[in-house]
Amino acid sequence: MSATFPRTGAGLGSAGLPLMIPEEEGEDEWPGQLDHRRRSISLPGLDLVAISQREPGESRRMSNSDGALLEGSPDDSPPPPSDSDSGSQAASKPSSLQGSLDGKDSDYTDTICSTRSDFFKRYYAPNSSPARADPAVDSNGYTPLRPTAGPAGQSGQPDDPPPSKPDEVSAEPSVEVKKPPAKKSRLKGWASQVRFSWVAMALLFTVIIASIVVIVLQYNIHKSKYALLGRFKFSEQERRLRLLSPEGEEQARIFIASEVPSDDLPYDCGLHRSTRVSHTSKYLAESTSQGRGVCLEWKNQARVTLEQVSPERLNCSGPVCRGIQCFRVDWRSLSPTVDLMDCLSLKEPAGQTWYGSAESAAADSWPLGTADQPLAPLVTGDTSQHAFGNVVQRSFLSSNGVGVYTFTNESMFVRVDVTEGRLCLGNVRRPFPYRYPAEDHLTMLYSICTAPNIMQMHQFGTHVLNPYSRRIEETRRKVWPSFDQIVYHFPGGGGVYTQEQVIAYGADISTRRYGSGVLVLDSHWQAHQGDIQFDRRRFNNAWKANELLQRQGLELAVTISPVVELKSANIEYGIDNQLWVREAVTGDPALVSLANAKGAWMDLSSTKTQNWLRTKLKRLKDETKIKWVVIDQTSAQLLPFYYNLTQRMANPDYLSEQLHTVVRQAGLLVLSTSSAVRPLQEPVFAQLSPRPSTWAGLRQVLPSALAAGTGGLHLVAPPAVGGSGAAEPELYARWLQLASFMPRVHLAQLPHQLSPELEQMANTLLWRRRRTVLPAYEAALREALAEGWPMVRPLWHQFGEDPTVAPIADQFLIGARLMVAPVTEPNVTSRRVYLPRGLWRELSSGRLDSGGRWLEQPVTIDTIPHYELFEPDDQ
């Protein structure tokens, strides 16, 4: 039988004595077998189980039959116990572990309790009292397993027995057991666990900090990659695009995605553009054909591609293209409820000035930022009803050398907010004047370019848009004769006039010696607008009338329009052959309102309509020998509201270009057109919108001409002198003075009809025009055709290094040397004039003045301040 004792540090011998059992390996001197798995020793006739766990290196202590302690090292095994030990112990204590637990007279045998339960029942009473009479014997007569007596007569604790001395002999045979430091082991284990926990927490904390650092670094790298697009720095979170100069100074600031919810952040959509970008996994991608770019997408909102344009794609060469860097912004909405809008800051950086190249209805429209402009489509219209007039060039320019160019085949809306100081470009979902199928998504495309200064930026823009640079002389021969021609508008007054009245009016002009020119008839030369032939009841011989006018130094010109009155003989034919613009839903001809009637609009996107109109115009030329045509009523804002074209056009202003092409193919010359959005292949004067006969109307003429020239339209025809109504003499005089310095003079009221003094003034001004102004325009025309420079130039075009000239809108240059300062205020005897650096000569008085300063120039009713650059200041 074998028994397993609790780990108390002692065992029982064959006589019931406590015995220290060796636990180390290699104890082969013992007659028994050492079982390492059970921690037990098998002796002859007795199996003992080890109870205590000795610390390594501790000596073993055992007592012999005489009670003496036996010392031994791990290498010295103690002798086996003798039989006399059991005899002495049996005299005082029962040796048997079997029998009744509470009977002292039971027979004891030399056996060990078979189970641990019996062992505890035998040696530890269930109801033992803490206070004992005999410390060696408990209340039930049981002897504890551990000795109770300690040194100096103190009772030892069961968990912490006193140490035994080697030479001490116990009165009662017992074995002194040294308990291993269990508390220290537990403390060591707890300390190890604490150390492990702290190490784990430290490692976890280090991992977290490292992850945060990596995330921050990656985010900064992510943002810095957007900042690697040359001089274009893009902040994703602020949605701000900053344009920097070569010196690193900010030139412009653009806020993109203004209509996208501000709480949304974009993500890289390079993977969606794998066909355009070679490295789609990078925020800054190199494209094999389109330069460097960034693609950002607001989920289910909009997508934008910011792409740097390579110099090869600019189609520009020469010194004007050096230092130019361009960037293209390509938008696409991903939701039918999201509009596209980007805004340029008009205030930041401080000191900059922005110019728009559209003829605006606002009096202070040039430079931008002085008057609010509500959101409006960037198409041609009537300034009396719409935001923009006849001339709309889709470009904007800043005094810091930044140019923004929108594409004419894209729909575009513009808004100017003076309070916020922003110029916003966008595309919104409106049914007019742009037409979209319901399933289409909005798009917006424009380019941003930077240059060292505004002069080079303007030259670059006009150079790229210039279609005449390769045929300068041919174009000059076609255009130059019209500069010396005065355009006389027959005062039909919207009524019916006859051939005799037209001839008489021409004779009156020739006797006044104003000069040769072209006499323009409004649309009433036809019986009904859209007939494309003279009314034979009032013009029985139009060919003869044209011949008589030519003898008087005048040529006859007629006005044509794409609008056909419902009473015209051609209306039924057009309906049957589908020549007119149709309603988008019903397919019926879409009607427009005229002054006193309604009409249909020619569908000039249809080849059938073009062929029909070309045939009508050729017949008109052959019958009357007329070669001049004025194109009117072609503004996009005049189209029917819900219109549908045979061929879809993103920009409705293209219809006027189609009309111009048809007229030219018919062998006729276009004197002027009432709508222009870009330079045409054949040079044509762009007619500025009519202005009211007020001083405010006069002040709007020069900014409109400067805006047209800034956008690349070289040939600009001012509105009729005196405005569209009856002008007072002083207003007419100041208007005539300004017109005499413009590329073309347009007279709707003859000066002598107002007063003899105005007739004399007109003769003087027109004579000085032929002597002084036209030679300056001849040189300016060559530069315009070769370089794309405007002929009516703002002061910054020649003196861009002078910051004072940036906001000046009431002075202009003709070429590089002639400067004009018209008077646009009533009842003044002087006006303030700024002279740029250099030496200037005032041509009316011959006085020399040094430049770089403001001066107060005296004026009279018959004088206009104009100066010639006598000596430039090259320092």
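**A close look at one side chain**

Modeller: Let's start with Arg538, whose side chain comes to 2.7 Å from the backbone oxygen of His524. Before we go on, please note that this is a predicted model, where local features need pLDDT of at least 70 and side-chain atom pairs count only at pLDDT 80 or more, while totals for chains, interfaces and linings use all residues. Residues are numbered from 1 along each chain as its sequence is written, and side-chain values use heavy atoms, with hydrogens and water left out.

The side chain of Arg538 also makes a polar contact of 2.9 Å with the side chain of Asp535. A polar contact is a pair of N or O atoms within 3.5 Å; within protein, one must be able to donate a hydrogen and the other to accept it, and residues adjacent in sequence count only if both atoms are side-chain atoms. Arg538 sits in the loop between β25 (517-521) and α7 (542-551). Here helices (H or I, at least four residues) and strands (E, at least two) are DSSP runs, numbered from the N terminus.

Is Arg538 buried or exposed? Arg538 counts as buried because its relative accessibility is 13%, and buried means under 20% relative accessible area, exposed over 50%, and partly exposed in between (1.4 Å probe, protein chains only). Leaving aside neighbours within four places in sequence, Arg538 is in contact (heavy atoms within 4.5 Å) with residues including Val496, Tyr497, Trp525 and Gln526.

Now let's step back. The protein has 14 helices and 44 strands, and 52% of its 875 residues count as buried. Among contacts between residues at least 6 apart in sequence, 67% join residues at least 24 apart.

The largest nonpolar core holds 141 residues, and Phe460, Phe483, Phe534 and Phe812 touch the most other members. Helix α14 (residues 756-787) gives the most to this core, with 13 residues. A nonpolar core is a set of buried Ala, Val, Leu, Ile, Met, Phe, Trp, Tyr and Cys residues joined through side-chain atoms within 4.5 Å. Phe483 has Leu774, Tyr777 and Leu781 among its contacts beyond four places in sequence.

Finally, here is a sheet to look for: an open one of 3 strands, in the order β27-β30-β29, with antiparallel pairing. β27 (563-565) and β29 (591-593) are at the edges with a single partner strand each, so one side of each has no neighbour in the sheet. Strands pair if DSSP finds at least two bridges between them, and 3 bridges join β29 to β30 (residues 598-601).
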